[in-house]
Amino acid sequence: MTDRPSHRISSRKQPRQARSNDLVAAILQAAVQVLATEGAGRFTTARVAEKAGVSVGSVYQYFPNKAAILFRLQSDEWRQTTDLLRAILADVARPPLDRLRTLVHAFVRSECEEAAMRVALSDAAPLYRDAPEAQDAKAAGADIVQGFMREVLPGASEATRVLAGDLIKATLSQVGKAFSESPRTPAEIEAYADAMADMFQAYLRSF
């Protein structure tokens, strides 16, 4: 995985014009294709530029290295997950445990639909996982989960709610990843998500 050495993972600059936005979009789309088809091991800025049909210099205008491109893909995925959490868990018109079941189903389906990309991003994580930007991005959804835990476990201590939230998030992430690594039918996804939701609901009802 040769590339220009750098510890920066933030974009060099943000596109301000439609043409620049189109260029960044093309670079990111090419990066998705390279990562999904060739994996993290063969991912380079040069391969992304070739796939996008632009010069390497054009890529470097916005991304200082391949880690920055990969981090952008990962942070976009984290943002989508945070939006999913917010849209489902903050819907106070529905009972909390129903919302949790909906979230589990949506998350497991998403894991299976984007398995190749998520596995490749996981393989590339050592390039950016310890950077401050990555820690900030991963923490973005914590308040949403803890707000939900305060609602569903009103009589529990804060420490208990934090533990419960962390346990559910970690289980969703790790078990969902493992499940999605093999091809799954819609019926298998439905059954697995139901079983996981049943487990979470039983756990929360035990408090």
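This is a predicted model: local features need pLDDT of at least 70, side-chain atom pairs count only at pLDDT 80 or more; totals for chains, interfaces and linings use all residues.
**View 1**
Let's start with an open space in the protein, the second largest pocket, whose volume is about 160 Å³. Which residues line the second largest pocket? Look for Val 32, Leu 73, Asp 76, Glu 77, Gln 80, Glu 114, Met 117 and Leu 121. Sorted by class, this lining has four nonpolar residues, one polar residue and three charged residues.

Now find helix H4, which covers residues 66-89, and helix H6, which covers 115-124. Each of these helices gives at least two residues to the lining of the second largest pocket. Which helix supplies the largest share of that lining? The answer is H4, with four residues.

**View 1. How H4 and H6 pack together.**
Two packed helices are described by the angle between their axes and by how far apart those axes lie. For H4 and H6, the angle is about 125 degrees and the axes are 10 Å apart. An angle of 65 to 115 degrees would count as roughly perpendicular and one over 145 as roughly antiparallel, so H4 and H6 are oblique to each other. The crossing of H4 past H6 is left-handed. Where the two helices meet, H4 brings Leu 70, Leu 73, Gln 74 and Glu 77, while H6 brings Arg 118, Leu 121 and Ala 124. In this contact, four residues are nonpolar, one is polar and two are charged.

How values were computed. Residues are numbered from 1 along each chain as its sequence is written. Side-chain values use heavy atoms; hydrogens and water are left out. On a 1 Å grid over the protein atoms alone, a cavity is a set of points where a 1.4 Å probe fits but cannot get out, and a pocket is an open set with protein on both sides within 12 Å along at least five of seven lines; lining residues have an atom within 4 Å of a point. Grid points are joined across faces, edges and corners, and a volume is the space filled by probe spheres set on the points. Ala, Val, Leu, Ile, Met, Phe, Trp, Tyr, Cys and Pro count as nonpolar, Asp, Glu, Lys and Arg as charged, and the others, Gly among them, as polar. Axes are lines fitted to C-alpha atoms, for helices over the stretch in contact, and angles run from 0 to 180 degrees between N-to-C directions. Angles under 35 degrees count as roughly parallel, over 145 as roughly antiparallel, 65 to 115 as roughly perpendicular and the rest as oblique. A crossing is left-handed if the near helix is turned anticlockwise from the far one by less than a right angle, and right-handed if clockwise. Contact means heavy atoms within 4.5 Å.
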